[in-house]
Amino acid sequence: MRFRRAAACSVLGVILACLGLGAQTARLTPVRALDGRDVRPFEPSGAANVLFFVATDCPISNSYVPEIQRVCRDYGARGVSCILIYEDVDTPSSGSRLDDLVTTHLRDYRYENITAIVDRTRRVAKEAGATITPQAVVIDRAKDVRYRGRIDNFYAALGKPRQQVTERDLRNALDAVLAGTPVPKRDTQALGCYIVDPSVVRK
């Protein structure tokens, strides 16, 4: 009986791993925010969390600061929390501590009332499947990823902005999550700067 139970558990573990469900346990571990608080990016306290993957030195990421702030303001009253996930690389030649760099960026771009995390080991990016800055990931109340991709379609290609936005993918996803309906597009292609492995840069 014990052998059968152990075998069944082993098979179940393989199935969960194949489905990507085993990673849920890692998501439960809190992450230290820039202000010292422990936060859980993948466990919304309200209707949803929006994880914005950004970098201080990515031009496209910085160009989206106003829209990020508008999204956080417009949806905050509806139970949506925003978290900035900084994917900057801390190098010995940077001349300043990474936390100081991010703190300066938050101040210079006038971010207010938005939790910020410095993702030094890329732990959060890996859990969310994020590969680009800027990129948005929406986590619903059930801890499921409901959307991953661009904020909108302002950029047709790298260095080629449109005259106006015609598709607001992130807002559409949030509206669907709040309404309890399927997200129209669960994955879209983000344009910007690649999230790099910090160990490669340090070499």
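Helices (H or I, at least four residues) and strands (E, at least two) are DSSP runs, numbered from the N terminus. This is a predicted model: local features need pLDDT of at least 70, side-chain atom pairs count only at pLDDT 80 or more, and totals for chains, interfaces and linings use all residues. Residues are numbered from 1 along each chain as its sequence is written, and side-chain values use heavy atoms, with hydrogens and water left out.

**The sheet**

Start with the strands. An open sheet is built from 5 strands in the order S5-S4-S3-S7-S8, with mixed pairing. Two strands pair if DSSP finds at least two bridges between them. Strands S5 (115-118) and S8 (145-149) stand at the edges. Each has a single partner strand, so one side of each lacks a neighbour in the sheet. From one strand to the next, the twist averages 20°. S7 (residues 135-140) pairs with S8 in the antiparallel sense over 4 bridges. Isoleucine 139 has valine 145, in S8, as its bridge partner.

**Helix H7**

Which strands does helix H7 lie across? H7 (residues 169-179) lies across S3 (48-54), S4 (80-86), S7 and S8. It runs at about 0° to S7. Here axes are lines fitted to C-alpha atoms, for helices over the stretch in contact, and angles run from 0 to 180 degrees between N-to-C directions. Contact means heavy atoms within 4.5 Å.

The buried residues of H7 include Leu170, Ala173, Leu174 and Val177. Buried means under 20% relative accessible area, exposed over 50%, and partly exposed in between (1.4 Å probe, protein chains only). An α-helix has 3.6 residues a turn, so residues three or four places apart point the same way. The cover over the buried residues of H7 includes helix H4 (65-76) as well as S3, S4, S7 and S8. Just after H7, glycine 180 takes a positive phi of about 75°.

**Salt bridges**

The whole structure holds 18 salt bridges. In each, a side-chain nitrogen of Lys or Arg is within 4 Å of a carboxyl oxygen of Asp or Glu. Three of them are listed here.

| Glutamate 67 | Arginine 171 | 2.9 Å |

Glutamate 87 lies in the loop between S4 and helix H5 (98-108), and arginine 122 in the loop between S5 and helix H6 (123-128), so the pair ties together parts 35 residues apart in sequence. Glutamate 87 is buried, at 5% relative accessible area. Arginine 122 is buried too, at 3%. Salt bridges that share partners join Glu67, Arg70, Arg73, Asp74 and Arg171 into one network.
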